[in-house]
Amino acid sequence: MVGYDPKADVRSNSKFEVALAGSVSGFVTRALISPLDVIKIRFQLQIERLSSSDPKAKYHGIFQASKQILKEEGPAAFWKGHIPAQILSIGYGAVQFLSFEQLTELAHRTSLYDAHEFSAHFVCGGLSACMATLAVHPVDVLRTRLAAQGEPKIYKTLREAVMTMYRTEGPLVFYKGLAPTVIAIFPYAGLQFSCYRFLKHAYDWVLPGDGKQKGTGNLRSLLCGCGAGVISKTLTYPLDLFKKRLQVAGFEQARSTFGQVRSYRGLMDCTKQVLQDEGTQGFFKGLSPSLLKAALSTGFMFFWYEFFCNLFQCMREADR
């Protein structure tokens, strides 16, 4: 069960168990979808059209990009920036799910929850994601820089990246792209949690009683999570692209081998330049790997979270 439920048949998980389940869910999910994340970031940062008809375009498709990266940088390139990405996922998962649990418990104490369940999950999901984002955003910037750089590498290690960025760009570099991140993450996570809840209800309506069986219950979590990920990512994708463009500002020398580079003065300037230089299609560069990633990551996130919460409950019952 995602979120507080006073009507649950079994005693709810402790705060520690919720945070641990969120962390492990983030860890496992990140390890599985890292290659898609690297490809998505490369697509988002490419100025040229993602088309084989453009001779200047380095990448123009998921399979072509995979072969290109593998040929030029080796298999390890698909896990570039994986250490900060894992720190990000573990911390983000713990804060997000714990915050969501606390916020939904607070919402249940009001008389509005039952009549506005979708809205309550949207607001609680959005607020919990904002809290998690503020806590781990510096790690997200590091992860983006490490995943975006080509060969030869500008940053050889995570420690070198932290020291170099701080020395050359100042402490605020670790919060580059925060504005579009927070603006995007609220509706994105809100839609994730609310659509997940809605799709689970729809699943139970179409297949009544099926979700209560152990095996099919896990399948329900995975399928509903995938659907929620696709819906939420499609509706909020342009802001994710702006965030990535802003996070690599001041890092242009490492992007020279990938094609054209741009400098942006802020969110509005980034929006204006993308529209002028790349058209409305530029707002959705990298959407295909991003949707695939969103479906898998959201599906795995909810699947593993519910799996470990149920596991902790079973272990607690066995100890009685």
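Colleague: Let's start with one residue. Which helix does M131 lie in?

Modeller: M131 lies in helix α4, which covers residues 117-148. Keep in mind that this is a predicted model.

Colleague: Is M131 buried, partly exposed or exposed, and what is the relative accessible area?

Modeller: M131 is partly exposed, with a relative accessible area of 40%. Together with V123 and L127, M131 makes a nonpolar surface patch of about 230 Å².

Colleague: Thanks. Zooming out, how many helices and strands does the chain have?

Modeller: The chain has nine helices and zero strands. Read from the N terminus, the order of elements is α-α-α-α-α-α-α-α-α.

Colleague: And what share of the residues is buried?

Modeller: Of the 320 residues, 53% count as buried. The accessible surface of the chain comes to about 15000 Å², and 66% of that surface belongs to carbon and sulfur atoms.

Colleague: What share of the contacts is between residues 24 or more positions apart?

Modeller: Among contacts with a separation of 6 or more, 80% are between residues 24 or more positions apart.

Colleague: On to the inside, then. Which residues have the most contacts in the largest nonpolar core?

Modeller: That core has 21 residues, and those with the most contacts inside it are V2, A21, F97, F193, Y196, F302 and Y305. Two or more residues each come from α1 (15-45), α3 (82-108), α6, α7 (214-247) and α9 (287-318). Helix α9 gives the most, with six residues. As a general point, nonpolar side chains tend to be buried together in soluble globular proteins.

Colleague: What does F193 touch?

Modeller: Leaving out residues up to four places away in sequence, F193 touches V2, Q96, F97, F100, H121, G125, S128 and F302. There is also a second, separate core of 11 residues, which includes Y92, C130, V136 and Y188.

Colleague: What about Q192, buried or exposed?

Modeller: Q192 counts as buried because its relative accessibility is 6%, under the 20% cut-off. Q192 is placed in helix α6, residues 178-206. Beyond neighbours within four places in sequence, Q192 is in contact with Q96, A228, S232, T298, M301 and F302.

Colleague: Switching to charges: how many salt bridges does the structure hold?

Modeller: The structure holds 18 salt bridges. One of the pairs is D240 with K40, where the closest N and O atoms are 3.2 Å apart. D240 is in helix α7 and K40 in helix α1, so this pair links distant parts of the chain, 200 residues apart.

Colleague: Why do D240 and K40 both count as buried?

Modeller: D240 is buried because its relative accessible area is 9%, and K40 is buried because its relative accessible area is 2%. The cut-off for buried is under 20%.

Colleague: Which network of salt bridges are they part of?

Modeller: R30, D37, K40, D140, K233, D240, K243 and K293 are linked in a network of salt bridges.

Colleague: Last one: what is the N to O distance between E278 and K285?

Modeller: The side chains of E278 and K285 meet in a salt bridge at 2.8 Å, N to O. Both E278 and K285 are buried.

Technical notes:
Residues are numbered from 1 along each chain as its sequence is written. This is a predicted model: local features need pLDDT of at least 70, side-chain atom pairs count only at pLDDT 80 or more; totals for chains, interfaces and linings use all residues. Side-chain values use heavy atoms; hydrogens and water are left out. Patches are made of residues with over 30% relative accessible area and no salt bridge: like charges are joined within 9 Å, nonpolar side chains (Val, Leu, Ile, Met, Phe, Trp, Tyr) within 5 Å. Accessible areas come from the Shrake-Rupley method with a 1.4 Å probe; for residues, only the protein chains shown count as cover. A salt bridge is a side-chain nitrogen of Lys or Arg within 4 Å of a carboxyl oxygen of Asp or Glu. Helices (H or I, at least four residues) and strands (E, at least two) are DSSP runs, numbered from the N terminus. Buried means under 20% relative accessible area, exposed over 50%, partly exposed in between (1.4 Å probe, protein chains only). Contact means heavy atoms within 4.5 Å. A nonpolar core is a set of buried Ala, Val, Leu, Ile, Met, Phe, Trp, Tyr and Cys residues joined through side-chain atoms within 4.5 Å.
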